[in-house]
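This briefing covers a ligand site and a surface patch. The structure is shown first, and the notes follow by topic.

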Amino acid sequence: MPADAYLARRLRPFTTTIFATMSELATTTGSVNLGQGFPDADGPEELREVAVAAIREGRNQYPPGNGIPELRRAVAAHQRTWYGLELDPETEVLVTVGATEAIAATLLSLCEPGDEVVMFEPTYDSYAACCAMAGARPRLVRLHPPDWSFDPDELAAAAASPRAKLVLLNSPHNPTGKVFSAHELGQVAALCRAHDLLAVTDEVYEHLVFDGTHVALATLPGMRDRTLSISSGGKTFSFTGWKVGWVSAPAPLVAAVRAAKQFLTYTSPAPFQLAIAHGLGLPPDVLHRFAKELAAKRDLLCDGLAGLGYEVYRPAATYFATTDIGPVAPGLSGHDYCLALPGRCGVVAIPSAVFYDPADPAAGRTLVRWAFCKRDGVLRDALARLASWSP
Ligand SMILES: Cc1ncc(COP(=O)(O)O)c(C=O)c1O
């Protein structure tokens with residue numbers, strides 16, 4: 001019987017993820033895993049202590065469905081401090097199980113079947129799956145290397161579609177590491193206003209920026225009232241397993257998302273909410289220091305890959321660098337290269353084609369994504385292993 005025999009048709013394109021395949025290959029081959037984006041060292045000890053203390057103090061029963069007040073207040077304070085956005089923590093902040101649930105609940109609650117969601121391709125992998133669950137359709141606008149720019153006419157055409165409902169914008173962007181410029185965000189905002197579209201922003205890498213500045217779309221003229229801003233504590237504080245995320249938006253939009261969220265998970269783990277609330281209250285210097293440490297890892301990996309002959313698209317932010325493998329693996333697709341790499345060199349990476357529409361097999365064909373949120377010794381080991389690659 002085929003593996004997806006029971007699976008509803010709308011989810012059949014989403015059965016096996018490349019991350020599971022590659023992580024399994026990493027284990028069976030003893031490879032260095034630069035595939036999935038999680039750090040190999042935990043974040044600040046004081047956050048772990050807050051979570052442990054919360055468990056010991058008995059914060060272990062269902063917290064309020066919209067999140068504990070401490071975290072809602074911390075998110076509101078964070079948005080004020082970093083972006084000058086004023087939010088009512090009672091009605092304009094909703095805590096979720098990671099950004100993943102925030103994205104799912106947002107699309108499920110806002111989209112009617114057949115609505116189009118404008119998004120930039122390559123896309124983070126949950127977007128298309130959440131669209132499918134919501135009965136919505138991705139409307140893709142391509143980002144082009146080396147600077148991952150887009151054609152403004154292509155964006156304008158997508159936004160002008162009569163079925164377009166919202167723009168789902170991921171900046172800083174996974175997998176490319178692009179930080180959308182104020183000018184580009186201005187183009188997105190103008191189209192949202194012109195066509196009365198909502199905007200949903202995925203800003204989980206907002207504090208992992210090395211070059212340039214992250215601008216929150218909600219701060220642009222006319223955008224506060226039509227933007228749902230999503231983020232989470234996983235990447236910012238190096239606790240990706242805690243899965244504490246949030247949505248902030250005007251009260252009626254938050255109420256809509258809450259309607260879906262309450263029947264997905266109802267609430268999120270209380271001890272981790274407390275710990276992330278504490279993290280959001282850390283002085284901005286601490287977050288700047290995390291980004292600086294990660295920038296050094298970006299440089300270590302990117303310089304190393306460039307030295308080995310890869311064409312490197314140095315990211316301005318995030319956990320990930322993209323390379324074109326053309327110069328070191330002529331004729332090979334990123335997919336075949338990534339399948340061969342664990343056995344031949346003992347390293348795992350992700351073929352970027354998985355972030356493109358499968359209907360276009362040429363898209364991202366020779367691109368490969370590498371995670372650099374790893375200890376320096378691990379990155380050096382990976383580079384030493386990659387030196388043994390020969391075409
Ligand atoms: C762009 C993007 N959005 C959302 C997520 C998921 O965030 P969370 O772990 O908070 O659910 C990730 C994780 O890799 C991501 O890269």
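In the classification used here, Ala, Val, Leu, Ile, Met, Phe, Trp, Tyr, Cys and Pro count as nonpolar, Asp, Glu, Lys and Arg as charged, and the others, Gly among them, as polar. The model is predicted. On that basis, the shell around the ligand consists of four nonpolar, five polar and three charged residues.

**Ligand shell**

- The residues surrounding the ligand are Gly98, Ala99, Thr100, Tyr124, Asn170, Asn174, Asp202, Val204, Tyr205, Ser232, Lys235 and Lys243.
- Helix H4, which spans residues 98-110, supplies three residues, the largest share of this shell.

**Polar contacts and cover**

- From the backbone of Ala99, an N or O atom lies 2.8 Å from an oxygen atom of the ligand.
- The side chain of Lys235 has an N or O atom 2.6 Å from an oxygen atom of the ligand.
- For Lys243, a polar side-chain atom is 2.6 Å from a ligand oxygen atom.
- On its own the ligand has 400 Å² of accessible area, and the protein covers 93% of that area.

**Nonpolar surface patch**

- Leu108, Met133 and Leu264 make a nonpolar surface patch of about 240 Å².
- Within this patch, Met133 belongs to helix H5, residues 126-134.
- Met133 counts as partly exposed because its relative accessibility is 40%, and partly exposed residues fall between the cut-offs of under 20% for buried and over 50% for exposed.

Methods
Residues are numbered from 1 along each chain as its sequence is written. This is a predicted model: local features need pLDDT of at least 70, side-chain atom pairs count only at pLDDT 80 or more; totals for chains, interfaces and linings use all residues. Side-chain values use heavy atoms; hydrogens and water are left out. A residue is near a molecule or strand if one of its heavy atoms lies within 4 Å of it. A polar contact is a pair of N or O atoms within 3.5 Å; within protein, one must be able to donate a hydrogen and the other to accept it, and residues adjacent in sequence count only if both atoms are side-chain atoms. Accessible areas come from the Shrake-Rupley method with a 1.4 Å probe; for residues, only the protein chains shown count as cover. Helices (H or I, at least four residues) and strands (E, at least two) are DSSP runs, numbered from the N terminus. Patches are made of residues with over 30% relative accessible area and no salt bridge: like charges are joined within 9 Å, nonpolar side chains (Val, Leu, Ile, Met, Phe, Trp, Tyr) within 5 Å. A salt bridge is a side-chain nitrogen of Lys or Arg within 4 Å of a carboxyl oxygen of Asp or Glu. Buried means under 20% relative accessible area, exposed over 50%, partly exposed in between (1.4 Å probe, protein chains only).
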